[in-house]
Amino acid sequence: MASDIADNAVVTASLAARVRDAAASGTPLRIRGGGSKDFYGQALQGEVLDMSVLTGVVSYEPSELVVTVRAGTKLAELEALLAAQGQCLPFEPPHFGSSGARATVGGMVASGLNGPARSSVGAVRDYMLGVVLLNGKGEQLTFGGQVMKNVAGYDVSRLMAGSLGTLGVLLEVSLKVLPVAPQEATLVFEMDEAASLRQLNRWGGLPLPVNASCWHGGRLWVRLRGAKAAVAAAQKSMGGDLVDEPSLKLWEALREQTLPFFGLQDGESLWRLSVPDTAAPLPLGPTLLEWGGAQRWVKRSGGHPAGDVQAIRDAALAASGHATLFRSADKTVPVFSPLKAPLDRIHRDLKKQFDPAGIFNPGRMFADW
């Protein structure tokens, strides 16, 4: 254990020195764990800062439902550790395809992506308790801690979730974990998109253990999780057909985007629309619904003429939401919706405070910062 701590101290010191040198010379750094999320965001820039060398569990208290791990730790290793204690990361972070074996905890936090259960259990940021990071001056900073009630002032730990490495180099992450649900069942219903949205909203107002949902191609799948009695009662009251989900592996395929829907042909792109779950169907192309209708995946073909991109973003905005270009070979199109002036100013000011030299993942979120 002492040797492991010493080794990681040496690695951390080396990373800090690299950051200081980069800041002094104005050299951009591309923070990279396993590379499983390299497709996400704008074009990659800068020299690779390899975080896969910073691995290991710092502490794990199953009885306290808290784990602290180094950022380069493989996500699969952390999930296996938790599973051995009957616990899990309930937001189901994706690994993604053939590169999924390389997915790291740092990448999980930096991308801020969540799986099918997000609408019922919360997002990765909701499970963040603390972080240790390097800022753009190579200084090691600690925020939060390892208990539930430890935040005074601005919650910087959660700020790191979804920042795509533009604010700092994650070294350690403390996360809340939960026990695995004792019972699970998947129901399937034959209905169109509009009817599915109405039904999901009705169920949402009832005390049902609905954990995840997925609609595509005229079929609605609903996953129930919770106490055995609650799941059994919900099956009777909701109806539908019970499916053999372990053999179907629907939810794993949805989480990892290996369902046929997510396979893109030449010229196709995948958009993620975040809208209120009460929003009406949006006729923008082949669609898959998640999160009770709050997350809508849309496939588009024929490149990215400016009018097409604007039409998608206007449709999302009209539904009180926003659109993200999640997967595309064309990196000239802005991935994220432009921020309104006040929010843009806040983001830029935060970037200057954490990364004054602007060396961390430049252009990853927006082309000009």
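Reader: What are the ground rules here?
Author: In this predicted model, local features need pLDDT of at least 70 and side-chain atom pairs count only at pLDDT 80 or more, while totals for chains, interfaces and linings use all residues. Residues are numbered from 1 along each chain as its sequence is written, and side-chain values use heavy atoms, with hydrogens and water left out.

Reader: Why is the contact of Arg225 and Glu92 called a salt bridge?
Author: A salt bridge needs a side-chain nitrogen of Lys or Arg within 4 Å of a carboxyl oxygen of Asp or Glu. Arg225 and Glu92 meet at 3.6 Å, N to O, so the pair passes.

Reader: What does the pair of Arg225 and Glu92 tie together?
Author: Arg225 lies in strand E12 and Glu92 in the loop between E5 and helix H3 (105-111), so parts 133 residues apart in sequence are tied together. Strands (E, at least two residues) and helices (H or I, at least four) are DSSP runs, numbered from the N terminus. The bridge is also part of a network that links Glu92, Glu184, Arg223 and Arg225.

Reader: What makes Glu92 buried?
Author: Buried means under 20% relative accessible area, exposed over 50%, and partly exposed in between (1.4 Å probe, protein chains only). Glu92 has 8%, so Glu92 counts as buried. Arg225 has 25%, so Arg225 is partly exposed.

Reader: How do you know that Arg219 and Glu190 form a salt bridge?
Author: Their closest N and O atoms are 2.9 Å apart. That meets the cut-off, so the term applies. Arg219 is in strand E12 and Glu190 in strand E10 (residues 183-190), 29 residues apart. Arg219 is partly exposed at 33%, and Glu190 is exposed at 59%.

Reader: Why is the pair of Trp297 and Phe326 called edge-to-face?
Author: Rings of Phe, Tyr and Trp (its six-membered ring) pair if their centres lie within 6.5 Å; planes under 30 degrees apart count as stacked, over 60 as edge-to-face and the rest as tilted. Trp297 and Phe326 are 5.0 Å centre to centre, with 75° between the planes. Trp297 lies in strand E16 (residues 295-300) and Phe326 in strand E17 (residues 322-327), so the pair ties together parts 29 residues apart in sequence. Both residues are buried. The count comes to 14 aromatic pairs.

Reader: What makes Arg327 a charge over the ring of Phe39?
Author: The rule wants NZ of Lys or CZ of Arg within 6 Å of the ring centre and within 35 degrees of the ring normal. Arg327 lies over the face of Phe39 at 3.8 Å from the ring centre. Lys176 lies over the face of Tyr127 at 5.0 Å.

Reader: What is in the lining of the second largest pocket?
Author: The lining divides into 14 nonpolar, four polar and nine charged residues. About 710 Å³ of space lies in this pocket. Of its 27 lining residues, the closest to the centre are Cys88, Glu92, Val180, Glu184 and Arg225.

Reader: Why is it called a pocket and not a cavity?
Author: On a 1 Å grid over the protein atoms alone, a cavity is a set of points where a 1.4 Å probe fits but cannot get out; a pocket is an open set with protein on both sides within 12 Å along at least five of seven lines, and lining residues have an atom within 4 Å of a point.

Note on methods
Points joined across faces, edges and corners; volume = space filled by probe spheres on them. Nonpolar A, V, L, I, M, F, W, Y, C, P; charged D, E, K, R; others polar.
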